[in-house]
Structures are given as structure tokens and as C-alpha cells.
Amino acid sequence: MSTAAEVDAATRAARRSLDAWSATPIKERVQVFYRYKSLLERHIDELSALITRENGKIDSEARAEILKAAELTEFACSLPQIASGEVLEVSKGVECRIERHPVGVVAGITPFNFPSMVPHWSIPNAIALGNCFILKPSELVPLSAGRIAELLREAGLPEGVFQVVHGGKEVVEAICDHPDIAAVSFVGSTKTAKVVYRRATSNLKRCLALGGAKNHLIVMPDADPEMASSNIVASMTGCAGQRCMAASVMVAVSKSDHVIERMITAASRMRPGVDIGPVISAEAKARISRYIDEAEAAGAKVLVDGRNVVVPGRERGYYIGPTIIDHVRPDMKIAQEEVFGPVLAIVRAPDLDKAMEIENASPYGNAASVYTESGAVARHVMEKASAGMVGVNVGVPVPREPFSFGGWNESRFGVGDITGRGSIEFWTQSKKITTKWNRSAGTNWMS
Ligand code: NAD
């Protein structure tokens with residue numbers, strides 16, 4: 001665990017490196033990331049093993065994180081092409097131009113569920129755009145951050161441009177309070193996102209804080225049953241349900257039992273310890289089990305029960321198997337709160353209007369999806385969903401680069417998105433310059 005004094009030391013080191021790094025042309029800065037991307041690819045075995053060790057996710061999920069980190073890095077390599085500024089002759093002989101300048105020393109605070117991918121949402125873009133970056137990973141997954149630092153150095157990033165501080169609340173507060181840190185990106189639970197957003201902005205920093213989620217997947221009676229059932233089970237169980245884009249509530253419109261039957265079969269087939277990893281901690285396992293117990297006690301029906309699973313040889317592991325709970329009412333806790341485990345609550349709705357009403361009532365707004373073969377229904381959900389990312393026949397509607405990632409409502413505080421084109425605005429400040437070198441242009445009101 002680092003201390004507030006170490007945050008200060010890291011900030012001072014970053015400031016010493018800032019002038020030279022921000023003055024390096026962007027086309028040179030991104031050369032580091034071309035090399036870094038190939039290092040990620042070359043070291044994928046080792047890097048994914050590290051994620052499995054610290055987080056517990058299965059090998060294929062850990063590998064997907066590294067491939068996504070490489071894709072995020074690839075996007076940063078394209079920044080010279082898309083963050084090139086603008087210039088226009090606005091009146092005879094007078095030009096306006098917009099230049100993008102870095103914000104300065106910036107920080108990223110990240111959650112436990114993606115030890116590599118989520119830090120890469122911010123690191124390559126912020127640094128390629130000329131900032132010096134301090135990463136504070138989750139104290140539950142401290143390993144990947146150190147390797148990221150080593151590989152960035154190996155790729156040629158100058159000292160002080162990227163640093164890691166470890167720790168929890170005390171270090172986060174030191175980041176939010178430090179006068180020389182200009183911007184903070186945060187990803188984690190809504191409760192912490194609110195605390196960090198308030199504290200950082202009250203210290204006059206820019207802040208983008210992504211929070212938790214409760215994603216609704218609406219299944220219409222005409223949905224392709226094979227696709228819907230396999231996608232929904234994959235969405236709710238991937239990373240043991242510890243994804244902010246995971247299916248959490250399925251809103252089954254009218255007759256959807258044939259889809260639910262297939263989901264039961266697919267979920268029951270999954271082998272804990274092989275197809276689905278453990279959750280992060282004993283507390284998380286207890287919390288998730290409590291949600292299931294309470295839903296059952298409130299009258300919901302557990303169709304597939306992941307409580308009490310035991311993985312031979314790993315009896316003390318924090319495993320929870322896929323859990324599907326039917327006949328959940330929208331007013332139950334399990335329908336409203338983020339469970340963050342491989343648990344799907346099925347809420348029945350008589351029609352699409354009622355389904356949208358249920359989706360719209362959630363205070364969160366990360367993702368929403370619809371399974372249907374009807375273009376008109378799909379279009380309606382695209383328009384009416386109260387979520388920043390919407391899927392049609394897609395269970396995990398994460399936009400891929402260059403499209404930006406970001407939710408609505410209590411899933412995101414601040415303006416703009418954290419990745420893709422949307423992040424350029426956050427990691428830079430624009431300078432508007434007006435010039436006149438043509439004396440013969442004469443005089444006008446702006447002379
Ligand atoms: P968390 O809020 O507990 O922790 C996130 C970060 O904040 C960590 O670095 C942690 O050390 C720090 N932190 C924790 N408590 C703090 C406090 N009181 N004051 C200051 N800092 C504090 O989140 P988590 O459990 O690590 O991650 C899971 C959560 O993250 C879920 O809610 C999930 O939905 C969310 N998440 C959201 C997105 C998104 O894109 N919206 C992506 C990934 C994860």
C-alpha cells in the first residue's frame with residue numbers, strides 16, 4: 001500500500017517529465033505504443049497468467065483482456081490521424097486554428113474486475129495525447145500494473161511518464177486532493193464513483209467516473225431461441241458475472257419459456273473451475289449468495305442454483321455457479337441492485353411497453369439489449385432504452401474502437417466517454433488561436 005507521500009513523490013516525478021513529453025510531437029509519442037502493442041502480443045501467455053493469478057478469471061477470459069488491451073493501444077496509435085486539430089480562414093486573411101494540448105499530470109483509478117483492460121482504457125490515450133499518467137489499480141489485483149509499467153519502459157517510454165501507486169481509500173483521496181494532478185479517470189462501483197467525482201471536482205479537477213450497472217436484456221417472443229439463450233448465458237457468466245456489461249435482468253416478454261428452457265440447459269452444463277472462475281473474495285461470495293437467498297425467500301423461483309458448488313481440489317475457492325432466478329418482481333432487491341456475480345434475475349412482462357418501463361426505472365444506465373427478429377421492435381428499444389450502450393441481438397454490447405465506451409445515469413458521472421474518440425476531449429484542452437499575417441487583408445471588427 002502506497003502512502004499520500006508517495007503520491008506526492010510520483011506527482012513530482014511526473015511534473016519533471018511533463019515538459020519534455022508534452023513537447024514531443026504526437027507522431028513520435030505514439031511510436032512507443034506501436035512497440036508496446038507488439039510487446040503485449042509477445043507476452044500474452046505471461047500477462048494472462050498474471051491476471052488469472054490475481055483475479056481468478058479463466059485463461060480464455062484473461063487472454064481476451066490482453067487482446068483488448070492491444071486493441072486499445074492500437075487506437076492510441078491512430079491518434080495523430082484523428083486528433084490533428086482544425087484550421088480555417090474565417091475572414092479574409094484571418095485564420096482560426098484549434099490545437100489540442102495535454103492536460104498535464106493525470107491519474108487513473110481502476111477496479112478489480114479487469115486488471116489490464118480497464119487501465120488500458122485510459123493509459124495509451126492519455127499518454128499518447130501528451131499527459132503523464134499515474135495509475136492506482138485496485139488493491140485486490142496489484143500485479144498487472146507493475147508489468148504494464150515494465151513493458152512501457154521496454155517500449156521506450158521515458159521515466160516518470162507512467163507510474164503506479166498502490167493502495168485504497170487514503171491513496172485515492174491523496175490523488176483527488178493533489179493540486180498538481182489535473183484530471184482523474186475512475187472506474188468502479190457507483191458508491192465510490194460518487195465519492196471520487198465529488199472530491200476531485202471540488203478540488204477543481206476534471207473527472208470522469210464510471211460506476212456500476214444493472215443491465216437489462218429484453219427477450220421478445222420472436223427472438224432466435226438458440227442465439228438468445230447462448231448469448232444471455234455467456235453474458236451473465238463471463239468473468240463470473242463480474243462485468244459492468246453483464247446481463248443482470250432478463251425481461252421476458254410474453255411467451256419466452258422456450259428460450260428459458262435452453263438457458264437452463266446451457267447454464268447447467270457449465271463447469272465451475274473450468275468454464276467459470278471464482279468470484280473475487282469470500283465477502284463477494286457471501287454477498288452474492290445472500291442476494292439469491294433473499295430473492296428465494298421473497299417468492300422468486302431458483303431455476304439453476306450456483307450456491308454451494310464445490311470444485312474438487314479447490315474446496316476453499318470462492319466459486320459460485322451460474323444461477324438463474326425466475327418470477328422476480330421489479331420491486332425485489334435482486335432486480336434493482338448490482339449483484340456482480342453470475343446471477344440472472346428473470347422478470348416477466350406482458351408487453352414491450354412494460355418491459356421498457358422496467359428498464360427505464362433502473363437508476364443505472366450502462367447497457368441494455370433486445371433479442372428480436374423485428375426491426376421495428378429493435379428500433380424502438382434503441383430509441384427508448386435509458387442506457388449509454390444498446391445491443392440488438394448482442395449480449396455484451398461493448399463498442400469496439402474507435403467507438404467510445406460509456407454509460408448513462410448512475411453508471412457515469414462527468415461528461416463524455418472514457419475510450420475511443422470520446423476520450424480525446426477528456427485528455428486534452430483545446431487552444432483556439434486566431435492569426436493574421438496578411439496586412440493587405442485590411443481592418444475589420446476583429447482586428
Ligand atoms: P470499488 O468501487 O470498490 O473500487 C474501485 C477503486 O476505488 C479501487 O481502486 C479501490 O481501491 C478504490 N476505492 C474503493 N473504495 C474506496 C473509497 N471508499 N474511497 C476511495 N477509493 C476507494 O469497485 P470494485 O469492487 O473494484 O469494482 C467493481 C465495480 O466496478 C462494479 O460496481 C462494476 O460495475 C464497476 N465497473 C464499472 C465499469 C464501467 O465501465 N462502468 C467497468 C468495470 C467495473
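Visitor: Where is the place of Ser254?
Guide: Happy to start there, with a reminder that this is a predicted model. Strand β9 covers 247–253 and helix α11 covers 257–269. Ser254 is placed in the loop between β9 and α11.

Visitor: What is phi of Ser254?
Guide: Ser254 is a residue other than glycine, and its phi is positive. The value is near 55 degrees.

Visitor: Which loop holds Pro402, and what is omega of the peptide bond from Glu401 to Pro402?
Guide: Pro402 lies in the loop between β14 (389–392) and β15 (412–413). The bond that joins Glu401 to Pro402 is cis. Its omega is near 10 degrees.

Visitor: Let's turn to the ligand. How many residues surround the ligand?
Guide: The closest residues are Lys136, Glu139, Ser189, Gly211 and Glu338. Counting the whole surround gives 28 residues.

Visitor: What is the distance from an oxygen atom of the ligand to an N or O atom in the side chain of Ser189?
Guide: Let me take the neighbours in turn. A polar backbone atom of Phe112 is 3.1 Å from a ligand oxygen. For an N or O atom in the side chain of Glu139, the distance to a ligand oxygen is 2.6 Å. For Ser189, a side-chain N or O atom lies from a ligand oxygen at 2.6 Å.

Visitor: How much of the accessible area of the ligand does the protein cover?
Guide: On its own, the ligand has 840 Å² of accessible area.

Visitor: Which elements give two or more residues to the shell around the ligand?
Guide: The space taken by the ligand is the largest pocket. The elements that give two or more residues to the shell are α8 (169–177) and β6 (183–187).

Visitor: Which residue meets Arg63 in a salt bridge, and why does the pair tie together parts that are apart in sequence?
Guide: The whole structure has 30 salt bridges. In one of them, the side chain of Arg63 meets that of Asp45 at 2.7 Å, N to O. Arg63 belongs to helix α4 (residues 59–77) and Asp45 to helix α3 (residues 44–55), so the pair ties together parts that are 18 residues apart in sequence. The partner of Arg63 is Asp45.

Methods
Residues are numbered from 1 along each chain as its sequence is written. This is a predicted model: local features need pLDDT of at least 70, side-chain atom pairs count only at pLDDT 80 or more; totals for chains, interfaces and linings use all residues. Side-chain values use heavy atoms; hydrogens and water are left out. A residue is near a molecule or strand if one of its heavy atoms lies within 4 Å of it. A polar contact is a pair of N or O atoms within 3.5 Å; within protein, one must be able to donate a hydrogen and the other to accept it, and residues adjacent in sequence count only if both atoms are side-chain atoms. Accessible areas come from the Shrake-Rupley method with a 1.4 Å probe; for residues, only the protein chains shown count as cover. On a 1 Å grid over the protein atoms alone, a cavity is a set of points where a 1.4 Å probe fits but cannot get out, and a pocket is an open set with protein on both sides within 12 Å along at least five of seven lines; lining residues have an atom within 4 Å of a point. A molecule sits in a cavity or pocket if more than half of its atoms lie within 2 Å of its grid points. Helices (H or I, at least four residues) and strands (E, at least two) are DSSP runs, numbered from the N terminus. A salt bridge is a side-chain nitrogen of Lys or Arg within 4 Å of a carboxyl oxygen of Asp or Glu.
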